Amino acid sequence: MIFDLSKTKSIANTFLAELRDENIQKDSMRFRKNMERLGEFFAYEISKTLQYTVQEITTPLGLSQCDVLAEQPVLATILRAGLPLQQGLLNIFDQAECCFISAYRKVKKSGDFVIQMDYISTPDLEGKVLIMADPMLATGQSMVMCCKELINRYKISELHIVAAIASTEGVAHVRANLPKAKLWLGAIDEEMTSKSYIVPGLGDAGDLAYGAKV
């Protein structure tokens, strides 16, 4: 299942446009806030697919039967770029536990790269709904590696993958390797550069949010 936010006209697309805009990107705080807002939109859409129970709530004037979330998902992200997007999810799933993964592109002298994963800090994921957030789904290699590592450790009940922008190649790679995953995407772009950056994309999300790395 693929949910493409850009296919529906909503205010969310304004925030996505600002994320792409090279002039607005100069304001790192606004970039982080817009990424966070997208996370909130995705959380709302994902919430429609989760399980609920009926709970009797006491109001000042009586009793009300309400549908409440049966269990909070676990929110995972790949450091550091994914933090604002994960925060948006956490604003909505405000009682959720969180998982953090350190993974990055290790570039070889030839210019090729491999995905280096250093550590994982996670709660128990056994039987849990996992939402993995990363702003850019380019080749899809880091997303697949991180998700498979968690799947190998735990029996996860559902896997949701959230990205602000994906490439068609990245989507194909994820669907081939994680066929049961549900994808929630802000937009899908057709091209990538020789260094595997999405075109038109928005650039390096981590640098835009937190400053250029050395």
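Which residue of β10 stands opposite S167? In this predicted model, where residues are numbered from 1 along each chain as its sequence is written, S167 stands opposite D189 in β10. Local features need pLDDT of at least 70 and side-chain atom pairs count only at pLDDT 80 or more, while totals for chains, interfaces and linings use all residues, and side-chain values use heavy atoms, with hydrogens and water left out.

Helices (H or I, at least four residues) and strands (E, at least two) are DSSP runs numbered from the N terminus, and two strands are said to pair if DSSP finds at least two bridges between them. By this criterion β9 and β10 run parallel and are joined by seven bridges. The chain passes from β9 through helix α5 (residues 168–177) to β10 in a right-handed β-α-β crossover, a term meaning that, with the strands pointing away from the viewer, the path from the first strand over the helix to the second runs clockwise. Strand β1 (residues 2–4) also pairs with β10 in the parallel sense, over three bridges, and I2 has L183 as its bridge partner in β10. Six of the eight residues of β10 are buried, where buried means under 20% relative accessible area, exposed over 50% and partly exposed in between (1.4 Å probe, protein chains only).

A nonpolar core is a set of buried Ala, Val, Leu, Ile, Met, Phe, Trp, Tyr and Cys residues joined through side-chain atoms within 4.5 Å. The largest such core has 33 residues, and those with the most contacts inside it are F31, L38, F42, V162 and L202. Helix α2 gives the most to this core, with six residues. With contact taken as heavy atoms within 4.5 Å, L202 touches L19, R20, Q25, F31, M136, I165 and L208, residues up to four places away in sequence not being counted. Apart from this core lies another, of 30 residues, among them M143, I156, V171 and L183. In helix α4, the buried residues include M143, V144 and L150.

A disulfide is counted as a pair of cysteine sulfur atoms within 2.5 Å, and by this rule the count comes to zero. C98 is in no disulfide, the nearest cysteine sulfur being that of C99, 8.7 Å away. C98 is partly exposed, with a relative accessible area of 22%, whereas C99 counts as buried at 0% relative accessibility. The sulfur of C99 is 8.6 Å from the closest cysteine sulfur, in C146, and is therefore too far for a bond.
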